[in-house]
Amino acid sequence: MSPIVELRRYTLHPGARETLIELFEREFVTGQQAVGITVGGRFRDLDDPDRFVWLRAFPDMAGRRRALEAFYGGPVWREHRDAANATMVDSDDVLLLRGPCFTPPAGAREVLATVCHPADAAAFDAFATEHLLPAHALHRTEHAENDFPRLPVRTGEDVRVWFGPAEPAPWPSRRLRLEPVTP
């Protein structure tokens, strides 16, 4: 079964994105990895200078809960949470997904991400077979209950998320133009 993936989109105070990115890269990547979290792509939203987008993955829901408890109860978060939270207006725009996680290829300057709300799962599967490749890293909503409610996730919607250019889907979709953060 595919890993559990969070697609996290943070809205930041004006001008605070680079402050958060520097802190994130310096402290939170290794801090999360140390407790078993796989940190995927980290991005600047090219259409919103006050938006930071990132992914992280867990082997399963139980592993997610254990890793989040360890990180958010641990010394790295405790030491740096106030500085991180001071950059944020909203950190609750989170999709809980299943998929391969995604890290952009080395040297990528821009990545497209599509968040699609298909009306019919079978019709979407036909679309995906015709238009998406394994490199698109297709993710689907994970409908399990959020067992770490301290960090909210969006519920009540069924989405598909993929990375890279593709034929536009015939359902409501939002395309994100993302610039990878390079450590």
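## Exercises on a predicted model

**Exercise 1.** Find which residues Thr 11 touches, leaving out residues up to four places away in sequence.

*Solution.* Contact means heavy atoms within 4.5 Å. Under that rule Thr 11 touches Asp 50, Arg 51, Met 88, Val 89 and Asp 90. With Arg 51, the side chain of Thr 11 makes a polar contact of 3.3 Å. A polar contact is a pair of N or O atoms within 3.5 Å; within protein, one must be able to donate a hydrogen and the other to accept it, and residues adjacent in sequence count only if both atoms are side-chain atoms.

The model is predicted: local features need pLDDT of at least 70, side-chain atom pairs count only at pLDDT 80 or more, and totals for chains, interfaces and linings use all residues. Residues are numbered from 1 along each chain as its sequence is written, and side-chain values use heavy atoms, with hydrogens and water left out.

**Exercise 2.** Decide whether His 80 is buried or exposed.

*Solution.* Buried means under 20% relative accessible area, exposed over 50%, partly exposed in between (1.4 Å probe, protein chains only). His 80 has 10% relative accessibility, so this residue counts as buried. His 80 sits in helix H3 (residues 75-85); helices (H or I, at least four residues) and strands (E, at least two) are DSSP runs, numbered from the N terminus.

**Exercise 3.** Identify the strands that pair with S2.

*Solution.* Two strands pair if DSSP finds at least two bridges between them. S2 (residues 38-45) runs antiparallel to S3 (residues 51-58), with five bridges. Arg 44 has Phe 52 as its bridge partner in S3. S2 also pairs with S8 (residues 173-180), antiparallel, over three bridges.
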